Amino acid sequence: GFNCGIVGLPNVGKSTLFNALTEAAQAEAANYPFCTIEPNVGRVPVPDARLDRLAEVAKSAKVLPTQLEFVDIAGLVRGASKGEGLGNQFLANIRQVDAILHLLRCFEGDTTHVEGSVDPIRDAETIDTELMLADLDSIERQLDQIQKKAKQGEKDAIERRNVMEPVAEALRNGKPARAVQLTPEQQPVLRQLHLMTSKPVLYVSNVDEGAVATGNKYSEMVAERAKAEGAGHVVISAAIEAEVAALTDPEEKQAFLEELGLNESGLARVIKEGYRLLDLITFFTVGPKEARAWTVRRGANAPEAAGVIHSDMQRGFIRAETIFWQDFVDCGGESSAKEAGKMRVEGRDYTVKDGDVFHFRFNV
Ligand code: GDP
């Protein structure tokens, strides 16, 4: 699965947010075939109105959304790159995640702030600095060797050097690895370096209860920063989300959200934005037993999508029968979509489109 690591200074609301996410997931657990939740890892269903429509049309007995993992990464403090706090352990956890959810304290309240005052931009910079220092350290430890091998003409080493040198330069100048312009061919080389500052970022402003619908002066500063960096941004109140997550009755939940001036929970927005940020696409399998959403990376071909369901389906892949979700819904189901000529037969080279409904044909 794909995952987002929740980072932020102590006391910004990370565990409050994490607990709200997992509580909301557990409330829906009845529908779930796998809901293993480790202490700091939670799997959360990704809301998708298309899946609900498909299930309605196909009268599927079960609806199974695709999932996104959230990891609560506690322990980042000023000086982490020098081994302060949980230091290296914390950094190792961040290297494993696909995207970073950077939670920033934008609420006043009585909670002690480790830096003495509310200032989300300073806090964001504190964390970014630690991540950049750690990335620079990791590159510098490999660079000498790579440069030597590159001089000897090793092709791999030349490719790596051509990525590492500009990235190291950017980091020395206080810029994250994601700010470096690379060619599409260089992107996989960058990914292999497992740098923290090359991962996509979603800033989440944690505001006071009263400011969830409007945001506040702090979240506006964060919004500006996110825009300048091309990062995502969502405003929530983690404390409120914890209350919303505890409500199991959907009508009660909707009424509470409306009272707050929201049409959707902050968690739903966080999950959707995290998913969007990872550049993932969703395909569906739909039948009377279940309607299910699955995830692949953008650019995946049909056999790779089949492989998400089962490795046998990828190995024995013959073809994919495909109906676009909107056609499936508009025609009123699979057989009428087929009759209307909306089904395509695609081969191994087909690039999966967001919203494809698939039947895979494969040899066992
Ligand atoms: P962590 O150290 O980042 O995991 O932070 P916690 O989730 O433990 O939260 C630290 C404190 O901030 C707790 O006392 C929370 O109740 C409080 N807190 C978290 N989110 C909010 C919020 O949205 N509004 C207010 N007023 N307090 C919050």
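1. The buried residues of helix α2 pack against β3 (62-64), β8 (280-286), β9 (290-297), α13 (325-331) and β12 (356-362). Helices (H or I, at least four residues) and strands (E, at least two) are DSSP runs, numbered from the N terminus. This is a predicted model: local features need pLDDT of at least 70, side-chain atom pairs count only at pLDDT 80 or more, and totals for chains, interfaces and linings use all residues. Residues are numbered from 1 along each chain as its sequence is written.

2. Which residues of α2 are buried? In α2 (residues 49-58) they are L51, L54, A55, V57 and A58. They sit on the same side of α2, because they cover an arc of only 165 degrees around the axis. That arc is taken from the directions from the helix axis to the C-beta atoms. A49 and E56, on the other side of α2, are exposed. Buried means 20 or more other C-beta atoms within 10 Å of the residue's own, exposed means 12 or fewer, and partly exposed lies in between; C-beta atoms are placed from the backbone. K59 follows α2 and has a positive phi, near 50 degrees.

3. The largest nonpolar core has 94 residues, and I6, L21, L54, V204 and F284 touch the most other members. Helix α4 (residues 120-151) gives the largest share of this core, nine residues. Such a core is a set of buried Ala, Val, Leu, Ile, Met, Phe, Trp, Tyr and Cys residues joined through C-beta atoms within 7 Å. F284 touches L51, L54, A291, R292, A293, W325 and V357, leaving out residues up to four places away in sequence. Contact here means C-beta atoms, placed from the backbone, within 7 Å.

4. Now the sheet. Six strands form an open sheet in the order β2-β4-β1-β5-β6-β7, with mixed pairing. Two strands pair if DSSP finds at least two bridges between them.

5. β2 pairs with strand β4 (residues 67-72) in the antiparallel sense, over five bridges. V44 stands opposite L68 in β4. β5 and β6 are parallel, over seven bridges, with L104 opposite S205 in β6. β6 and β7 are also paired in the parallel sense, over five bridges, and V204 is opposite V234 in β7.

6. How many residues of β6 are buried? Seven of its seven. Both faces of β6 are covered: V201, Y203, S205 and V207 are buried on one side, and L202, V204 and N206 on the other.

7. Helix α4 lies across β1 (3-7), β5 (99-106) and β6 (201-207), and runs at about 145 degrees to β5. Helix α7 (residues 217-229) also packs on the sheet, touching β5, β6 and β7, with its direction at about 175 degrees to that of β6. Axes are lines fitted to C-alpha atoms, for helices over the stretch in contact, and angles run from 0 to 180 degrees between N-to-C directions. β6, α7 and β7 make a right-handed β-α-β unit: with the strands pointing away from the viewer, the path from the first strand over the helix to the second runs clockwise.

8. T322 lies in strand β10 (residues 317-324). T322 counts as buried because 22 other C-beta atoms lie within 10 Å. T322 touches M343, R344, E346, D356, V357 and F358, again leaving out residues up to four places away in sequence.

Notes:
Contact = placed C-beta atoms within 7 Å.
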